[in-house]
Structure formats: C-alpha cells, structure tokens
Amino acid sequence: PKSVQAPVEAHKRLTAEGAKDLLSELTEAFRDSGFQAQILKLARDVRMDKHEFLANLKKVALPIQAPIVQRFGFEPSPEGVQEMTRAIADFTRGGRLDAGVKAQADL
C-alpha cells in the first residue's frame, strides 16, 4: 500500500519585514517597567522555580502580546500567539531563514 503523507498544517504567514516589525513591538512591550515588575513578582511567587515560572509566564505575557499579535492578523489568544510563533519560526530556521528576523528573535 502507498504511504500517505499527513498534510502540512497551514498557518498564517508573515513577510520577513512583518516578522521583524512584530518582534520589535513585542520586545518594546516586554521592556515596559510594569511588565518587568509582573515578571519579577511571578519569579518570587514561584520561589524561582524555573519550570513553574515558565508554566505561568504565558498567562502573564498574554495581555501584553494579545493586542500586538491582533494588529498583525492573529487571534488575540493563546492559540493566536502559538500561530504567530510558527509564522516567525518560518524565518528562524529552514529554507526561508532570514538573518535579520533570527537575530531579532534571539534577543
């Protein structure tokens, strides 16, 4: 029997320039002193436990990320953030690698 290849899951795409702009906006938002204070509080609340911190970070970051990802055409939700992450990953590895996007993503 022929092997059937599973279809590649489609996701929203960005241009390289769009990915850079989105990453720039996220970086700026994450540098906000109010957000930084929330991150510090989270770290203290979980007693610096790395796994627990990372497990809760998405909840703390979503209110900051949601309006930004929405402006770039993604749903303002955890799923939209995941889709945005996949769209950026298009430029951080593989055949569509863009050095500028990768450098900004690595900040």
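Look at the face of helix 2 turned away from its buried side, and you'll find the exposed residues Ser33 and Arg44 there (exposed is over 50% relative accessible area, buried under 20%, with a 1.4 Å probe and protein chains only). This is a predicted model, where local features need pLDDT of at least 70 and side-chain atom pairs count only at pLDDT 80 or more, while totals for chains, interfaces and linings use all residues. Residues are numbered from 1 along each chain as its sequence is written, and side-chain values use heavy atoms, with hydrogens and water left out.

Now the buried residues of helix 2: Phe35, Ile39, Leu42 and Ala43. They sit on the same side of helix 2 because they cover an arc of only 100° around the axis, judged by the directions from the helix axis to the C-beta atoms. Their cover includes helix 1 (16-30) and helix 3 (50-71); helices here are DSSP runs of H or I, at least four residues, numbered from the N terminus. At the start of helix 2, a side-chain oxygen of aspartate 32 comes to within 2.9 Å of the backbone nitrogen of glycine 34. Just after helix 2, arginine 47 has a positive phi of about 55°.

At its start, a side-chain oxygen of aspartate 49 lies within 3.2 Å of the backbone nitrogen of histidine 51. Further along, there's a kink of about 50° at leucine 62, shortly before proline 63; the bend is the angle between axes fitted to the seven residues ending there and the seven starting there. Leucine 62 is also among the buried residues of helix 3, along with Phe53 and Val69. After helix 3 comes glycine 73, with a positive phi near 90°.

Key
Helix = DSSP H or I, 4+ residues; strand = E, 2+ residues; numbered from the N terminus. Contact = heavy atoms within 4.5 Å. Polar contact = N/O pair within 3.5 Å; in protein donor to acceptor, adjacent residues only side chain to side chain.
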